[in-house]
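Please look over the sequence and the structure shown here before reading the report that follows.

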Amino acid sequence: MQPPVRKRQNPALHAATFMCSRAVSSAEMEPVLSCKSRFHLDLWLCFTLQNWILDVGRPVAMLVLPADWFPLNRPGVAEYLHILYNISAPLILLKMLERSPRTLPRLSVYLGIIAIVMGTSLHLVAESITRRLLLIGYQLHLSVRENLVMKDLKPSSLIDAFELLFYFDDTLGHLMWYVPLFLVLFLFFSGCFCVGKQEEKMPLAGWMLIVPSAAYYWFLITEGQTFILFIFTLFAMTATVMHQRRRGLIPDSNGLFMLYSFSSALFLVGVWVVCLWNDGVLRKKHPGLIYVPQPRAVYTLRLQENTQM
């Protein structure tokens, strides 16, 4: 009775379960899986616009726009952009998971989205206070205790409160935000494979989006200090490609877009680090083996000092 049952199985179900099953050979699945997958232009365009306007636009608005546009005891332009990002980012990531043939249990998806919302919310509060500190002379290229603004605080135990604030921002908030984000990106990438003898070609729209996409990942790595998460995700993507090639699968246009974007971002980070390699002040700010200076720290160290002279 097994052959009739296999004839009645849905071909789409075969394609969805191929990535998770090792019992079915690639020769049997070749007529089902083809490299005619659609490039998700709407998804990548929304993802890129959201990142550049709502995420990259926050520190730009915080450093460029006049501080007297909004009272300091009320949210400003940067805070409103951050609030919009907190709403749009989970929605786009959920849409990304919906289009991926690789699915996660609902509980895992819910916990990941909740973690992202909590992480971005912690970041929102810390960034709002950081903006107010910059207006009174706080310098991002220095640690909390080395800032002259903090040394004048009375009682001195208030410095511990600000260190806790930056811990919620730079450590806990970033982990809760970026770990689920990179997991979603990798999960989506793991489903972007198809059977084909020739390399899939990426459409012109994908090539046009690579530059802003790679530049945003550069910002995510440098400003968010996510180099370790990024490089492990890139290694996992590369290992997945090698594993799938042995099974007769190649990345489709969406997978190629992510690979090219991540590889270009890694090149940009390398150029960024080389240009600032011999900066002693930034090295003191970022001690340890991994040295990736933050753009805003470079701004307060170099550009802001030059504009004040």
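Is Glu 98 buried or exposed? At 58% relative accessibility, Glu 98 counts as exposed, where exposed means over 50% relative accessible area, buried under 20% and partly exposed in between, with a 1.4 Å probe and protein chains only.

## Basis of the model

This is a predicted model, in which local features need pLDDT of at least 70 and side-chain atom pairs count only at pLDDT 80 or more, while totals for chains, interfaces and linings use all residues. Residues are numbered from 1 along each chain as its sequence is written, and side-chain values use heavy atoms, with hydrogens and water left out.

## Salt bridges

The structure holds 9 salt bridges, each being a side-chain nitrogen of Lys or Arg within 4 Å of a carboxyl oxygen of Asp or Glu. One of them joins Lys 95, which is partly exposed at 38%, to Glu 98, with N and O 3.2 Å apart.

Another links Glu 79 to Arg 132, their closest N and O atoms being 3.0 Å apart; Glu 79 is buried at 5% relative accessibility, and Arg 132 is buried at 17%. Arg 296 and Glu 223 also meet in a salt bridge, at 2.8 Å from N to O, and both residues are buried. Through shared partners, salt bridges join Asp 55, Arg 58, Glu 127, Glu 223 and Arg 296 into one network.

Gln 225 is partly exposed, with a relative accessible area of 36%.
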